Protein chains: 2
Amino acid sequence: MSQRHTAVPAELRSRADADALIDAGYCPIPPREILDTIGGKWAIQLIVASARGPMRFTELERLIEGISRRMLTLTLRHLERDGLLKRTVYPTVPPKVEYEATPMALELYEAMLVLTNWSRRHSACVARSREDYDARQAS
Amino acid sequence: MSQRHTAVPAELRSRADADALIDAGYCPIPPREILDTIGGKWAIQLIVASARGPMRFTELERLIEGISRRMLTLTLRHLERDGLLKRTVYPTVPPKVEYEATPMALELYEAMLVLTNWSRRHSACVARSREDYDARQAS
DNA sequence: CTGGATCCCCACTGATACTG
DNA sequence: CAGTATCAGTGGGGATCCAG
């Protein structure tokens, strides 16, 4: 735990580059902290959905598709607690509550795009690898 | 599902930029697939540990600290199946098995650094947000 | 409309013991 | 050395009902 950290250049491709990063003290272990935050089944979708502007509870419920009322509430609370969503209550009747991604969440979203990019570049390769692996197991 | 995707520039800061990205069809929903792969408790640590070169089973077991033999095996199998680790068996006695991160895994590792960077920039903010939130709940 | 409360399931994880 | 097998605990997540 608690290793040193420095600013990260991060446009590299080779094994040597990765070596250099590790030697420089880049410790990707803290991602556990991030993964605990956004690793939930719905967190990312909620951030994306509320990235364009205020979204109401029911809007999100309809948009996310498959999410239960319980998990919607829980995940929203979690994200709000972490400062990733701003919750605004309008004391009207019936009540109206809006959720909106904070700037910090938008940056996280942009960071996620790098992972998305990786996924897109390699998903086929991963799928093929799985097939090969499963085929070998069958034999 | 199955939205369009395009190459990603991804050096932006504003809400408008995020809007532009979403409009352009960047769908960060697939990260679920990534998160299922690396969201495990030990996956990232194993990738990092085996990023510098071949690592033996027992080496990893000692290095990771806290991992059980069972989870080490399971996670290694999972990563191998996805093509993120290469497993090499030397039919000697006693047996010798080496695990090494593939180029694809190294790229993933580099992508994770972006998230790590986000975490480092905002961890204090998140912590403060949590304190505020919890304080409000207490009242 | 926006949740809170409750019950339940099961996948992930850990602990321990055994083996080629 | 490098696993496998088995049992048990925990928590995330779903279903349902209730309430301000």
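How many nonpolar, polar and charged residues does the surface near DNA strand D have? Select that surface and you will find 8 nonpolar, 4 polar and 8 charged residues. Ala, Val, Leu, Ile, Met, Phe, Trp, Tyr, Cys and Pro count as nonpolar, Asp, Glu, Lys and Arg as charged, and the others, Gly among them, as polar.

Before going on: this is a predicted model, where local features need pLDDT of at least 70 and side-chain atom pairs pLDDT 80 or more, while totals for chains, interfaces and linings use all residues. Residues are numbered from 1 along each chain as its sequence is written, chains are lettered from A and ligands numbered from 1 in the order written, and side-chain values use heavy atoms, leaving out hydrogens and water.

Next, colour α5(B), which gives the largest share of that surface, 4 residues. Helices (H or I, at least four residues) and strands (E, at least two) are DSSP runs, numbered from the N terminus.

Now show side chains. An N or O atom of R70(A) lies 3.0 Å from a base oxygen of DNA strand D.

Finally, move to chain A, where an open antiparallel sheet of 3 strands has the order β1-β3-β2. Its edge strands are β1 (55-56) and β2 (85-90). Strands pair if DSSP finds at least two bridges between them; β2(A) and β3 (96-101) share 6. Pick K86(A) to see one bridge partner, E100(A).

Conventions. A polar contact is a pair of N or O atoms within 3.5 Å; within protein, one must be able to donate a hydrogen and the other to accept it, and residues adjacent in sequence count only if both atoms are side-chain atoms.
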